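Please keep the sequence and the three-dimensional view at hand while reading the points below.

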Amino acid sequence: MTQNRIKIVENILNANDHLANENRRRLSQHDIFSINLMASPGSGKTSFILATIKALIADAYQIGVIEGDTAPVTIDSDKINAAGMPAVQINTGGECHLDAVMVENALNQLPLDALDLVIVENVGNLICPAAWQLGTHSNILIASVPEGDDKPYKYPNIYRGLDVLIINKIDLLPYIDFDMDYFRRGVEILNPGLRSFPVSCTTGEGIDDWFHWLKAKLS
Amino acid sequence: MHELAVTESVLDIACKHAQKAQATKVTDIYLVIGRLSSIVDDSIEFYWNIISKDTICEEAQLHFNRVPAKLVCQECAHEYILEGDLTACQNCQSVNIRVLSGDEFHLESIEIQR
């Protein structure tokens, strides 16, 4: 019997990353722009998606939504269907994040030929989704004002991988002790020059700038 | 929180390479994990003992090489090791910093018998 050391040096999430690349290639082949939308529970992810759908419908864009939840509910996908767009609900069975395999299965259930945009609503969580690539073109986080201004300092990894940051519920700023400079300084350390959109899905403030950015990506 | 899925990936990679090398047993697994990766060693050990049972990796010892988070300031070139909370440059207070190390997250090597 011999004892040998074998050098490997393989990224632990290599299999997931490989499949994520496949998903991205498949979406690009269909001329679809795709978003991995992450946030904590209650930050307004579904409201933000519904507002985005409403704005894009006017320009005849077709949007598919993949909804990730840890429990077997269809609350979110029902809302998307009611807005006239196809949605696939993923029940992660308690897992704290979506992964590339789940997204691949969901893509099989969407009419990709007909779509311009796919939004993946990740499980509400600021830790785990940061580590798992899905294969979308853009990683977007919604940070809402009531969550507090210290979140970039407490959950640095999710901010580091972002392409766009949405700061939601800015209509509540007068009522909440939220130091925007402190918040932005934390974001800047983690992700210098990150594109951000302060919005309110309730009043509509700031949201046109987001639509403008997104439409430029779709055209 | 996602340690189970991570541990399953470690097992998959180790088994794949052990089979390729025609090993009869894997005795040690060496992981390199940067401080910026939010992984708890104890949880991985806990899941490892359960899921490696009845595989070629059963009873293999896990070794964690924790790499410190090293940052460099883009303004004044000051390099520093992150000890606690994330901070701006400790020399010039600039927020324009870059991560040099601490993101590592790979299976470095395995020790096998054959």
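In this predicted model, strand 3 (residues 70–73) of chain B pairs with strand 5 of chain B in the antiparallel sense, over four bridges. Within that pairing, B:L71 stands opposite B:V99 of strand 5.

**The open sheet of chain B**

- Three strands of chain B form an open sheet in the order 4-3-5, with antiparallel pairing.
- Strand 4 (79–81) and strand 5 (97–101) of chain B are the edge strands, since each of them pairs on one side only.
- From one strand to the next, the twist averages 30 degrees.
- In general, the strands of a sheet pair through backbone hydrogen bonds, in either a parallel or an antiparallel manner.

**Where chain A and chain B meet**

- The contact takes 26 residues from chain A and 27 residues from chain B.
- On the side of chain B that touches chain A, the elements giving two or more residues are helix 1 (3–20) and strand 6 (105–113) of chain B.
- Strand 6 of chain B provides the largest share of that side, with nine residues.
- Strand 6 of chain B is joined to strand 1 (residues 3–11) of chain A by seven bridges, and the two strands run antiparallel.

**Chain A as a whole**

- Chain A contains eight helices and eight strands.
- Taken along the principal axes, the C-alpha atoms of chain A fill a box of roughly 70 × 40 × 35 Å.
- Of the 219 residues of chain A, 43% count as buried.
- Among the contacts in chain A with a separation of 6 or more, 76% are between residues 24 or more positions apart.

**Strand 6 of chain A and its partners**

- Strand 6 (residues 138–144) of chain A is largely enclosed by the rest of the structure, because six of its seven residues are buried.
- Strand 2 (residues 33–39) of chain A runs parallel to strand 6 of chain A, and five bridges join them.
- A:S138 in strand 6 of chain A is the bridge partner of A:I35.
- Strand 6 of chain A also pairs with strand 7 of chain A, in the parallel sense and over five bridges.
- In strand 7 of chain A, A:I167 stands opposite A:A143.

**Helix 8 of chain A**

- Helix 8 (residues 207–218) of chain A has 12 residues and reaches 17 Å from its first C-alpha to its last, close to the expected 16 Å.
- The residues A:I207, A:W210 and A:L214 of this helix are buried.
- Viewed down the axis of helix 8 of chain A, the buried residues fall within an arc of 55 degrees, so they line one face of the helix.
- The face turned away from that buried side carries the exposed residues A:D208, A:H212, A:W213 and A:A216.
- The cover over the buried residues of helix 8 of chain A includes helix 2 (45–57), strand 7 (164–168) and strand 8 (195–198) of chain A.

Definitions and conventions:
Residues are numbered from 1 along each chain as its sequence is written. Chains are lettered from A and ligands numbered from 1 in the order in which they are written. This is a predicted model: local features need pLDDT of at least 70, side-chain atom pairs count only at pLDDT 80 or more; totals for chains, interfaces and linings use all residues. The expected span of a helix is 1.5 Å times one less than its number of residues. A residue is buried if 20 or more other C-beta atoms lie within 10 Å of its own, exposed if 12 or fewer, and partly exposed in between; C-beta atoms are placed from the backbone. The arc is that of the directions from the helix axis to the C-beta atoms. Two residues are in contact if their C-beta atoms, placed from the backbone, lie within 7 Å. Two strands pair if DSSP finds at least two bridges between them. Axes are lines fitted to C-alpha atoms, for helices over the stretch in contact, and angles run from 0 to 180 degrees between N-to-C directions.
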